[in-house]
Amino acid sequence: MPNEFLTFALGAEEYGVDILKVQEIRGYDTVTRIPDAPDFIKGVINLRGTIVPVVDMRLKFKLGKADYNEFTVMIILNIAHRVVGMVVDGVSDVMQLSAEQIRPAPEFGGAVNTRFITGIGALDKRMLILVDIEKLMSGSDMSLMDAASSQSLQ
C-alpha cells in the first residue's frame, strides 16, 4: 500500500510529511510572539479556540530567514495529541510513494543530524526529503512548545 505525503518547499528543496498528520493548510497569519522563545518558534495562533504553537521550518532547519509572501503557508499538524503549525515557503501537492520509491536517509556521520529524516523519496527526477514530523516536533528543543501551548492567552 503506497504512503501519501504532503509535499512542501523550503527554498529549493522539497520535503514531505505523512498526510495523515496534516489537519489543514492555511495562509500565513500573524502570530503572537512568546517571550524568550527560540527564533524558530514564531509564537502562537488561536485556531478556533485552540492555542497552537507555530514553528518556522526554515529557521528550524537553519536554512536562513524566510521572506513571508503570498505563497507562504502554515501547515496545521495533529501530532502526538497536539496541534502544531509549521510555516513553509509553499505547499506543492500530495504524492504517493511505494516502499520501493523510498530510500534510507544517507549517513553523514556526526556532521549532519538526520534523526528527523525517515528517508528520501525518489519519483522521476524529483527528490523528496521525508521528515518524521512527530520526532522533529517532540525533540528536546521543542519542549518549549509544550510551555507555549499550555499558556493561555488572556
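How many bridges join S4 to S5, and do they run parallel or antiparallel? Six bridges join them, and the two strands run antiparallel. Keep in mind that this is a predicted model.

Let's stay with that pair. S4 and S5 form a hairpin, with two residues between them. Arginine 48 sits in the turn, and its phi is positive, about 50°. Now look at how S4 is placed. Six of its seven residues are buried, so S4 is largely enclosed by the rest of the structure.

Next, the nonpolar cores. In general, nonpolar side chains in soluble globular proteins tend to be buried together. Here, the largest core has 28 residues. Met57, Met86, Ile133 and Met137 touch the most other members. Who supplies this core? At least two residues each come from S1, S2, S4, S5, S6, S7, S11 and helix H2. The largest share is from S6, with four residues. There is also a second, separate core of nine residues. Among its members are Ile45, Val54, Met74 and Ile76.

Last, a sheet. Six strands make an open sheet in the order S8-S1-S2-S11-S10-S9, and the pairing is mixed. Which strands lie at the edges? They are S8, residues 90–97, and S9, residues 102–103, and each pairs on one side only. S9 pairs with S10, residues 117–123, in the antiparallel sense over two bridges. In that pairing, isoleucine 102 stands opposite glycine 121 in S10.

That's the tour.

How values were computed: Residues are numbered from 1 along each chain as its sequence is written. This is a predicted model: local features need pLDDT of at least 70, side-chain atom pairs count only at pLDDT 80 or more; totals for chains, interfaces and linings use all residues. Side-chain values use heavy atoms; hydrogens and water are left out. A nonpolar core is a set of buried Ala, Val, Leu, Ile, Met, Phe, Trp, Tyr and Cys residues joined through side-chain atoms within 4.5 Å. Buried means under 20% relative accessible area, exposed over 50%, partly exposed in between (1.4 Å probe, protein chains only). Two strands pair if DSSP finds at least two bridges between them.
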